Amino acid sequence: QVQLVESGGGLVQAGGSLRLSCAASGNIVSINNMGWYRQAPGKQRTMVAIITSAGSINYVDSVKDRFTISRDNAKNTVYLQMNSLKSEDTAVYYCNAVVQITNWGLPRNYWGQGTQVTVSS
């Protein structure tokens, strides 16, 4: 099995910064996409940013120029640097990884437990 462990959430004032980290461990052959999603109260979980194994990146429009996703393939870790935070960024942030756990099977989708980010105005 594969575990994703997130860290770095918390309470910050509007305009502040936070950095989220997510480390994958377990039976990992390789990791394809890694990404961050978020879910605000009463809303669906939505994509924030995704980075492929080759380094291609996609952001939701609302975080472009404020958030930066990166990954360290040697550490199986993905990061999300969040700057100029706004109250509307308040949500539970979830790490996601598409992981190849064997050399012959299809990759599988894994989620972290979520970390709360609260931005006070």
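**From one residue to the whole chain**

Thr 115 lies in strand 11, which covers residues 115-120. The model under discussion is a predicted one. With a relative accessible area of 12%, Thr 115 is buried, because buried is defined as under 20% relative accessible area.

The surroundings of Thr 115 may be described next. Leaving aside residues up to four places away in sequence, Thr 115 touches Glu 6, Gly 9, Leu 20, Ala 91, Val 92 and Tyr 93.

The view can now be widened to the fold. The chain has 11 strands and 0 helices, and its pattern along the sequence reads β-β-β-β-β-β-β-β-β-β-β. The radius of gyration is 14 Å, close to the 14 Å given by the globule rule for 121 residues, so the chain is as compact as a globular protein of that length. Along the principal axes, the C-alpha trace spans about 50 × 25 × 25 Å.

Of the contacts with a separation of 6 or more, 55% are between residues 24 or more positions apart. Buried residues amount to 39% of the 121 residues.

The surface and the charges remain. The accessible surface of the chain is about 6,400 Å², and carbon and sulfur atoms contribute 48% of it. The chain carries 10 positive and 6 negative charges, whose mean positions lie 5 Å apart.

Conventions. Residues are numbered from 1 along each chain as its sequence is written. This is a predicted model: local features need pLDDT of at least 70, side-chain atom pairs count only at pLDDT 80 or more; totals for chains, interfaces and linings use all residues. Side-chain values use heavy atoms; hydrogens and water are left out. Helices (H or I, at least four residues) and strands (E, at least two) are DSSP runs, numbered from the N terminus. The radius of gyration is taken over C-alpha atoms; the globule rule is 2.2 Å times the number of residues to the power 0.38. Buried means under 20% relative accessible area, exposed over 50%, partly exposed in between (1.4 Å probe, protein chains only). Contact means heavy atoms within 4.5 Å. Accessible areas come from the Shrake-Rupley method with a 1.4 Å probe; for residues, only the protein chains shown count as cover. Lys and Arg count as positive and Asp and Glu as negative; His and the chain ends are not counted. The place of a charge is taken as NZ of Lys, CZ of Arg, CG of Asp or CD of Glu.
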